[in-house]
Amino acid sequence: MGTTLNSSRYDIRDLGLAPEGQRRIEWAALDMPVLRQIRDRFKAERPLEGVRLSACLHVTTETANLILTLQDGGADVVLCASNPLSTQDEVAAALVTQGIPVHAVKGEDSQRYYRHIVAAIQHKPHLTMDDGADVVSTMHQSFREHLTGVVGGTEETTTGVIRLRNMARSGALAYPVIAVNDAKTKHFFDNRYGTGQSTLDGITRATNILWAGRRVVVCGYGWCGRGVARRAQGMGSRVIVTEVDPIAALEAVMDGFEVMPLIEAAPIGDVFITLTGNTDVIDRQHFEAMKDGAIMANSGHFDVEIRLQALREMATRVTEVRPMVEEYLMPDGRKLYLLAQGRLVNLAAAEGHPASVMDMSFANQALSAEYLLQNRGTLTPNVYEVPAAIDAEIGRLKLQAMGISIDILTAAQLAYLAGWESGT
């Protein structure tokens, strides 16, 4: 492995990794037919010509295909990582060789991570593309002079959308942002099937555990939690769900899962997975109650769901026993295991979501960027849904790529649905 390379245009691990990265990018592209169709159109029409775009996303093979689509559409793109542990260094190198300034190194510390965020902001973007809203929030807090040139932005993940809606409610948001996360072709599939599969993949790669027969505690029953619970159940695990929302908890019960407070689940759980988007979900009282050998992993965006400070204070020794696995020895002799430093386990310990599901998510990103430019000056600072027509078109293209056709409403059916006169 070569030394980390720094220049005014990029900061990556090793440019020599580019050939490997290029092969992996091309492999992912085989399973991203919707984005490929958009890329072909963008290459011909160049709808993003002359637009500076700053993207803060997980630097993976799937993201690379989105970035190359934006570049083919005419955009001048700069990419930084949206998580210190999610970067695939070979992908970063491959993008640099294709003219994309990338600021991302797997395992970078917090100082370097935010230096990379600043590098993306100093690109003076017309469009921002975030996964967690770090570029948006940092720009609003520390680089307000760059806000006037921004046409709009997009946001990829639930946590980021929550932050942006809070900004909009307080009147702080200075430009329109499209909540890509909330598109049906994103959260129904990416959050549920992508997170469900990739989270178990990350935990399996880190630990090599057998899922069958284990008690798996899923903290949070949103779309990500639903996916993880269902995949764990499919692997033979006995799944417990913890929730604060009575409706989500009721749904989990009716989906066949045990539901109880986390403090009751703590002594009986084997694997704990947080997916809430909130802070201190697993805290000191839960660590005290967990049994010897319990494994903890987070698949929420930020590393705040497991209270790491309390865990470190309680432990008498911390040992890395496997890559991405830390053993915390408790004063009473129990050993608790934390995966991926409490960061996104599916990206830190595995490869993130499969390309097939990211195909739809990143199609939403590309088309939303185009939509923002087409509607420049007409959208006030707020958080907007992905237009229904874009969502439906992505669903249609995905079905078409899978060789699946569906029924079409007749004129009479359309008229019936549009009317009100008919009754019993």
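The legends below describe close-up views of a predicted model.

Local features need pLDDT of at least 70 and side-chain atom pairs count only at pLDDT 80 or more, while totals for chains, interfaces and linings use all residues. Residues are numbered from 1 along each chain as its sequence is written, and side-chain values use heavy atoms, with hydrogens and water left out.

**View 1. An open sheet of 8 strands with mixed pairing.** The strand order is β11-β10-β9-β12-β13-β16-β15-β14. The edge strands are β11 (258-259) and β14, and each pairs on one side only. Strands are DSSP runs of E with at least two residues, and helices are runs of H or I with at least four residues; both are numbered from the N terminus. Two strands pair if DSSP finds at least two bridges between them.

**View 2. The parallel pair β9 and β10.** Strand β9 covers residues 215-219 and strand β10 covers residues 238-242. Their parallel pairing runs over 5 bridges. V217 has I240 in β10 as its bridge partner.

**View 3. The hairpin of β14 and β15.** Strand β14 (residues 317-322) pairs with β15 in the antiparallel sense over 5 bridges. R317 stands opposite L329 in β15. The hairpin has 2 residues between the strands, and M324 takes a positive phi near 70°.

**View 4. Strand β15 and its hairpin with β16.** Strand β16 (residues 335-339) pairs with β15 in the antiparallel sense over 5 bridges. L329 has K335 in β16 as its bridge partner. The hairpin has 5 residues between its strands, and G333 in the turn has a positive phi of about 95°.

**View 5. The crossing of helices α2 and α16.** The axes of α2 (residues 33-45) and α16 (residues 388-401) come within 8 Å and cross at roughly 115°. Axes are lines fitted to C-alpha atoms, for helices over the stretch in contact, and angles run from 0 to 180 degrees between N-to-C directions. The two helices are therefore roughly perpendicular to each other (65 to 115 degrees). P33, V34 and Q37 in α2 meet I394, L397, K398, Q400 and A401 in α16, with contact meaning heavy atoms within 4.5 Å.

Definitions and conventions: Parallel < 35°, antiparallel > 145°, perpendicular 65-115°, else oblique.
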